[in-house]
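Hi everyone, thanks for coming.

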Amino acid sequence: MGLGELYADGRFELILGDLYNLLALGARNIVAPGGPGLLTALRTLQSLWQRLGPGVAPGRARANASHHYDLDAGFYRLFLDDDLQYSCAYFETPSASLEAAQLAKKRHIAAKLALSPGQKVLDIGCGWGGLALYLAQNCGAEVLGVTLAREQLQLARQRAQSAGLADTVHFALKDYREVGGSFDRVVSIGMFEHVGPKNYDAFFARVAELLAEDGVALVHTIGHLGAPAPTSSWLRKYIFPDGYIPSLMEIAPSLARAGLAVADLEVLREHYALTLEHWRARFKANRDAAREIFGERFCRIWEFYLAASECAFRYEGCVVLQFQLVRKFEALPITRDYLFRREAELRAVEERLRSGAKS
């Protein structure tokens, strides 16, 4: 907390190296064998306090979302890919471009959803609508995307209209707890980190209620594989109010209580570190433009956020978890071969759409 605030306030400057180098050095030392024992004890107590804290009620969830996601989309365009994907990309090779990796992420998720044309999809935490538009355009799905950020809602609706998909893709300013109906597929990408431990049971119970008997759900979230650990207090104060990164052992009991079975669990290990590396480089290249919009202190806060987050994925055990969930195991084939076949089919669809756009 102290280091982040000193940097944000311009009260220390790096003469050699850069902020990422400094934070990476600290992260490696903290997790090294024989690292500070007192720090470990304090982190355990901090984690317990965060988990026992108040739950995130709908009104508070809206305020939290507005704090981070209601920034002008022009700012996010300074460092995200062209589709404004603000979650972990999927790097089929480490050298892939950010645009290629974010497209691969959408393709990978669409394959896991095993969609058929005309099926109804709920996208919880839809962002600026990129995944919803992909599922409609490439898979023939009917999609409802919900968000708590008005800026995201406005742009998502504009994008659906421009793409000629306003009849099949709809967006609403709505909490997941307020959604009704039944859906063949439910997907949530990068939103679960905002749910809060006290609401895990309620979240997955709602997913189960909304999911058709033979439906498939996909939840993509930052997480870690060890015991529960605290989420950075600095990030919770300045970037993601009430944000909490769950451990696998915290999620599993809620899935069982909701009656959802894990059909597949994929652990994306280095993918978010690579994503953040791209975001950091783009933010640095466009820093002057960001400063013109929000000022120097804001830029310093975001530099610290991006660098610290990359360190967390490179050195501190953070990963991305993709849960493929069903109510009945028969909803999906018994082997994973269908994923690779479906990804190949989707690549062909993407190519046809690109060729059509060029002509």
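Let's start with a contact, meaning heavy atoms within 4.5 Å: Leu19, Tyr20, Leu23, Ala24, Ala27, Arg28 and Val31 of H2 touch Glu303, Phe304, Ala307, Ala308, Glu310, Cys311, Arg314 and Tyr315 of H14. The residues of this contact sort into 11 nonpolar, no polar and 4 charged. Here Ala, Val, Leu, Ile, Met, Phe, Trp, Tyr, Cys and Pro count as nonpolar, Asp, Glu, Lys and Arg as charged, and the others, Gly among them, as polar.

Before I go on, a word on where this comes from: it's a predicted model, where local features need pLDDT of at least 70, side-chain atom pairs count only at pLDDT 80 or more, and totals for chains, interfaces and linings use all residues. Residues are numbered from 1 along each chain as its sequence is written, and side-chain values use heavy atoms, with hydrogens and water left out.

So how do H2 and H14 cross? Their axes, which are lines fitted to C-alpha atoms over the stretch in contact, come within 9 Å and cross at roughly 35 degrees. Angles run from 0 to 180 degrees between N-to-C directions.

**The sheet**

Zooming out, the protein chain has 15 helices and 7 strands. These are DSSP runs numbered from the N terminus: helices are H or I with at least four residues, strands are E with at least two.

What is the strand order in the open sheet? It goes S3-S2-S1-S4-S5-S7-S6, with mixed pairing; two strands pair if DSSP finds at least two bridges between them. S3 and S6 (261–268) are the edge strands, each pairing on one side only.

Over at S3, we find S2 (residues 142–147) pairing with S3 (residues 169–173) in the parallel sense over 5 bridges. Valine 143 sits opposite valine 169 in S3. S1 and S4 also run parallel, joined by 3 bridges, and leucine 122 has valine 186 in S4 as its bridge partner.

**Helices on the sheet**

H9 packs on the sheet and touches S1, S4, S5 and S7, with its direction at about 150 degrees to that of S5. H6 (residues 98–113) lies across S4, S5, S6 and S7, at about 145 degrees to S5.

Which residues of H9 are buried? They're Tyr200, Phe203, Phe204, Arg206, Val207, Ala208 and Leu210, where buried means under 20% relative accessible area (1.4 Å probe, protein chains only). What covers them includes helix H11 (248–258) and strand S7 (318–326).

Conventions. Buried means under 20% relative accessible area, exposed over 50%, partly exposed in between (1.4 Å probe, protein chains only).
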